[in-house]
Amino acid sequence: MRTIKRSVLPLNETKQKALQKLCYAYSSEKQYWLGVLQNWQLQALLGAPRKIRDLFLKEKYQSRYGLQARHWKL
């Protein structure tokens, strides 16, 4: 696999704010999941991320930080 570098134009203010909001939400969601996965009940599932995802989907989990499901499932 090789890396392709592409030049981009500077973002306008609206797109810059949207990108910053997404980055903040993603990092906050990551911190949340790191805390959740420290729970002893989930320790056995750490090697099986799909099982964890399926467990939270059954419970109708929604991101507290406004991330779409396709983002928090990553």
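**View 1. Burial of F56 in the predicted model.** F56 has a relative accessible area of 10% and is therefore buried; buried means under 20% relative accessible area, exposed over 50%, and partly exposed in between, with a 1.4 Å probe and protein chains only. Apart from neighbours within four places in sequence, F56 is in contact with W33, V36, L42 and Y61, where contact means heavy atoms within 4.5 Å. This is a predicted model, in which local features need pLDDT of at least 70 and side-chain atom pairs count only at pLDDT 80 or more, while totals for chains, interfaces and linings use all residues. Residues are numbered from 1 along each chain as its sequence is written, and side-chain values use heavy atoms, with hydrogens and water left out.

**View 2. Aromatic pairs around W33.** Rings of Phe, Tyr and Trp (its six-membered ring) pair if their centres lie within 6.5 Å; planes under 30 degrees apart count as stacked, over 60 as edge-to-face and the rest as tilted. By this rule, the count is five aromatic pairs. In one of them, the ring centres of Y32 and W33 are 5.6 Å apart and the planes stand at 75°, so this pair is edge-to-face. Both Y32 and W33 are buried. The rings of W33 and F56 have centres 4.7 Å apart and planes at 80°, so they too form an edge-to-face pair. Because W33 belongs to helix α1 (residues 13-36) and F56 to helix α2 (residues 49-58), the pair ties together parts that are 23 residues apart in sequence. Helices (H or I, at least four residues) and strands (E, at least two) are DSSP runs, numbered from the N terminus. One aromatic cluster is formed by Y32, W33, F56 and Y61.

**View 3. The largest nonpolar core.** A nonpolar core is a set of buried Ala, Val, Leu, Ile, Met, Phe, Trp, Tyr and Cys residues joined through side-chain atoms within 4.5 Å. The largest one has 10 residues, including A25, I52, L67 and W72. Two or more residues of this core come from each of the elements α1 and α2, and α1 gives the most, with four residues.

**View 4. K60 and G66 in the loop between α2 and α3.** K60 is placed in this loop, and G66 lies there as well, with α3 spanning 69-72. Although K60 is not a glycine, its phi is positive, at about 60°. With a relative accessible area of 68%, K60 is exposed; G66, at 63%, is also exposed. The C-alpha atoms of G66 and Q16 are separated by 17 Å, and these residues are 50 residues apart along the chain.
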